[in-house]
Amino acid sequence: SPTRFFEERPPSETLPVAAALVVLFAVALTVALLLVGSMLAGAVDATVTMDNPDRPPETICEQYEDDPDSPFGENCDEPATVERDAGQLIREAVDDYLWIGLVGPFVLWIVGTLVLFAGGRLAAGDPSFAGTAALAGWAALPEFLRVVAGLAGLWYVLRDLTITDPERAVTVLETALASVEPVLLVVSLLTLGWQWSILSAGLSEDADISRGAAAVAVGVPLVIFFVVGAL
């Protein structure tokens, strides 16, 4: 029970644990992105033709290829294009977004702290910065459920799926994910409800306001975040 928990432990006193949750979630989210890249790469069985990154641009080769003394003509004997494994390219593309897993939770933690502090003030309460920071950190706990569900849903749709046409990969993946979208939506709503329960109980205790006022102060920004994320 969030209410009983925060009655026995003021939110500000749980800040170290909440901070550890945010760190753990950042690690989990980064690992999840790595797993997403691995699963997508394993579902693609195709190659793509692309420009050879080891060969200088054609304009340079046309000018310096026949000049043995020019360093600009080096590697112009390399083929203009190469075949690359499409799955590996997808994995590399996902890896480029790993920084989101590492940085995103901390950005949301800061934003969540400010929103909760402002909400407590607007509800005529007296929230503490340490308390609202702790509560914003506790909001990461339900997100583990969403991450696990997302990975499970992706594994489910990819387990028997093989993408052989890279140009249609996005369309094929969107069609496959449509079968699990209702389940993921339910999980997202459960996550939202869990966060609302934790934050409203904690803000009520920390800001010394009624549970109803805290529920409104927490519920409005949560719904806004949910809608923006869904879009």
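**Entry 1: Thr132**

I started at Thr132, which touches Thr113, Leu116, Phe117, Pro127, Leu203 and Asp206, leaving out residues up to four places away in sequence. Contact here means heavy atoms within 4.5 Å. Thr132 lies in helix α6. Is Thr132 buried or exposed? Thr132 is buried, because its relative accessible area is 0%. The cut-offs I used are under 20% relative accessible area for buried, over 50% for exposed, and partly exposed in between, with a 1.4 Å probe and protein chains only.

**Entry 2: ground rules**

I noted that this is a predicted model, where local features need pLDDT of at least 70, side-chain atom pairs count only at pLDDT 80 or more, and totals for chains, interfaces and linings use all residues. Residues are numbered from 1 along each chain as its sequence is written, and side-chain values use heavy atoms, with hydrogens and water left out.

**Entry 3: the whole chain**

I counted ten helices and two strands in the protein chain. Both are DSSP runs numbered from the N terminus: helices are H or I with at least four residues, strands are E with at least two. In sequence order the pattern reads α-α-β-α-β-α-α-α-α-α-α-α.

Next I looked up the dimensions. The C-alpha trace spans about 80 × 45 × 25 Å along its principal axes. The radius of gyration of the protein chain is 25 Å, whereas a compact globule of 231 residues would have one near 17 Å. That radius is taken over C-alpha atoms, and the globule rule is 2.2 Å times the number of residues to the power 0.38.

I then checked burial and contacts. Of the 231 residues, 36% count as buried. Among contacts between residues at least 6 apart in sequence, 76% join residues at least 24 apart.

The surface came next. The protein chain exposes about 13,300 Å², and carbon and sulfur atoms supply 64% of that. Areas come from the Shrake-Rupley method with a 1.4 Å probe; for residues, only the protein chains shown count as cover.

How many positive and negative side chains does the protein chain have? I found 10 positive and 30 negative, with the centres of the two sets 17 Å apart. Lys and Arg count as positive, Asp and Glu as negative; His and the chain ends are not counted.

**Entry 4: nonpolar cores**

I looked for nonpolar cores, meaning sets of buried Ala, Val, Leu, Ile, Met, Phe, Trp, Tyr and Cys residues joined through side-chain atoms within 4.5 Å. The largest has 23 residues, of which Phe6, Leu116, Leu135, Trp138, Leu199, Leu203 and Val218 touch the most other members. Helices α2, α5 (98-122), α6 (129-138), α9 (181-207) and α10 (211-230) each supply at least two residues of this core. Which helix gives the most to this core? That is α9, with six residues.

Trp138 touches Phe5, Phe6, Thr14, Val17, Ala18, Leu21 and Ile198, not counting residues up to four places away in sequence.

**Entry 5: Gly37**

I found Gly37 in helix α2 (residues 15-43). Gly37 counts as buried because its relative accessibility is 0%. Beyond four places in sequence, Gly37 touches Arg91 and Val94. The C-alpha atoms of Gly37 and Val94 are separated by 5.5 Å, although the two are 57 residues apart along the chain.

Thr3 is in helix α1 (residues 2-8). Thr3 is partly exposed, with a relative accessible area of 30%. Its contacts, not counting residues up to four places away, are Ala201 and Arg211. Thr3 and Leu203 are 200 residues apart in sequence, and 9.9 Å apart C-alpha to C-alpha.

Ala133 lies in helix α6 and counts as buried at 9% relative accessibility. Setting aside neighbours within four places, Ala133 is in contact with Leu15, Trp109 and Thr113. The C-alpha atoms of Ala133 and Gly112 are separated by 7.6 Å.

**Entry 6: positive phi**

Most residues other than glycine have a negative phi. Ala124 has a positive phi of about 65° and sits in the loop between α5 and α6. Asp208 has a positive phi near 60° and is found in the loop between α9 and α10. I checked exposure for each: Ala124 is exposed at 70% relative accessibility, and Asp208 is exposed with a relative accessible area of 69%.

How values were computed: Charge placed at Lys NZ, Arg CZ, Asp CG, Glu CD.
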